[in-house]
Amino acid sequence: MDVGKIAAMLATNPGGPRDYIGVEQVKRFGIPTVMIPTTAGTGSEVTNAAILADHEKNMKFGTMSRFLTPTMCLVDPDLLVSLPSKVTASTGLDALTHSVEAYTGLAAYPMTDLFALESIRLIGKYLRRAVANGKDLEARYNMSLAAMYGGIAIATATVGAAHALAYPIEGIFGTAHGDTNGLMLPYVVEFNSLSNIPKFVKVAEAMGEKVDHLPEREGALKASEAIKKLCEDIEVPLHLSEIGVSEDNIDDLAEKAFSIKRICNNNPRELTLEKVKEIYRNAL
């Protein structure tokens, strides 16, 4: 879908994809696009963004513009029934990362909160079922809805540190975007939870955690625990060492991640280069 957005945009705008990296660099709408997702993950069918891989720099880059907004989207859960469980798990974690980061990021506002929090609730309830049985149409329907809601949320509230820290890992180690987001998300959530304790308590509740009897700070930390439990249940890596990352890679990864200011600046807790390194080390 992202390649389709860029191709449609280049039909009416000069140059190549690298000329449009960043925010609102596109000058006019491209040819009309109809987005039909075949996973429940990216939410790209409703976003104003396209993310592409730059194989020369071993990085991913993003183009965000109102002119990339699709003309139409058609979301059909029946298209997902043959999706392998591994891809279901990975893309589902991508949707979860979108929604958690949109809900807790600095650009969040009441409307995006509604979409993001409901997306988190649906994923907490249905992702395990969709992974366990791809023909479970109720699970597929609700995961499709969750991914679309997450896309609506990030279209204006954008994402945060989990994405920034995931991008260089994907570029260097070739890992799937959803897997890498899911791996980094609990460590970023743990780091961020001090920034807005009531919101992270809500994330934990939406994920199914019982937090009523807990002090708020402990309730907020349950959000990270809930995400780890989900990753374990759907068999997605929880440690960077499992995908080949070592201490020797931390400095390079941190510098690349910290350079992605567009999304680092939306993170609810202020990031420094040393803090980014600390999060990576916690994830090892």
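Student: Why does Ile51 count as partly exposed?
Tutor: Keep in mind that this is a predicted model. Buried means under 20% relative accessible area and exposed means over 50%, with partly exposed in between. Ile51 has 28% relative accessibility, so Ile51 counts as partly exposed.

Student: Where is Ile51 placed, and what does Ile51 touch beyond residues up to four places away in sequence?
Tutor: Ile51 sits in strand 3. Its contacts, with those sequence neighbours left out, are Asp2, Lys60, Phe61, Gly62 and Tyr167. From C-alpha to C-alpha, Ile51 lies 8.7 Å from Met64, and the two are 13 residues apart in sequence.

Student: Let's turn to pairs of helices. What makes helix 3 and helix 4 roughly antiparallel?
Tutor: The axes of helix 3 (residues 110-132) and helix 4 (residues 137-157) cross at roughly 150° and come within 8 Å. Angles over 145 degrees count as roughly antiparallel, and therefore helix 3 and helix 4 are described that way. Their crossing is left-handed. The residues of this contact divide into 15 nonpolar, 5 polar and 4 charged.

Student: Why are helix 5 and helix 6 called oblique?
Tutor: Their axes cross at roughly 135°, again coming within 8 Å; helix 5 covers residues 161-173 and helix 6 covers residues 177-192. Roughly antiparallel needs over 145 degrees, roughly perpendicular covers 65 to 115, roughly parallel needs under 35, and the rest is oblique. Helix 5 and helix 6 are therefore oblique to each other. Helix 5 passes helix 6 in a right-handed crossing.

Student: Which residues make that contact?
Tutor: Helix 5 contributes Ala161, Ala162, His163, Leu165, Ala166, Tyr167, Ile169 and Glu170, while helix 6 contributes His177, Thr180, Asn181, Met184, Leu185 and Val188. The residues of the contact of helix 5 with helix 6 divide into 9 nonpolar, 4 polar and 1 charged.

Student: And how do you know the orientation of helix 2 and helix 7?
Tutor: The axes of helix 2 (residues 85-104) and helix 7 (residues 197-206) come within 10 Å and cross at roughly 155°. With the cut-off at over 145 degrees, helix 2 and helix 7 are therefore roughly antiparallel to each other. The crossing of helix 2 with helix 7 is right-handed. Val100, Tyr103 and Thr104 of helix 2 meet Lys199, Phe200, Lys202 and Val203 of helix 7 in this contact.

Student: Why is Val131 called buried?
Tutor: Val131 has a relative accessible area of 18%, and buried means under 20%. So Val131 is buried. Val131 lies in helix 3, and leaving aside neighbours within four places in sequence, Val131 is in contact with Ser85, Thr88, Ala89 and Ile234.

Student: What makes Val245 count as buried?
Tutor: The same cut-off of under 20% applies, and Val245 has 3% relative accessibility, so Val245 counts as buried. Val245 is found in the loop between helix 8 and helix 9. Val245 touches Ile169, Phe173, Leu240, Leu253 and Leu284, not counting residues up to four places away in sequence.

Student: Is Glu235 buried or exposed?
Tutor: Glu235 has 71% relative accessibility, and because exposed means over 50%, Glu235 counts as exposed. Glu235 is in the loop between helix 8 (216-233) and helix 9 (250-258).

Student: What stands out about the phi of Glu235?
Tutor: Phi of Glu235 is near 60°, a positive value in a residue other than glycine. Most residues other than glycine have a negative phi. Glu24, also not a glycine, has a positive phi of about 55°.

Note on methods:
Residues numbered from 1 in each chain as written. Predicted model: local features only at pLDDT ≥ 70, side-chain atom pairs only at ≥ 80, totals over all residues. Heavy atoms only, no water. Axes fitted to C-alpha atoms, helices over the stretch in contact; angles between N-to-C directions. Helix = DSSP H or I, 4+ residues; strand = E, 2+ residues; numbered from the N terminus. Left-handed = near helix turned anticlockwise from the far one by under 90°. Nonpolar A, V, L, I, M, F, W, Y, C, P; charged D, E, K, R; others polar. Buried < 20%, exposed > 50% of the residue type's maximum accessible area, 1.4 Å probe, protein only. Contact = heavy atoms within 4.5 Å.
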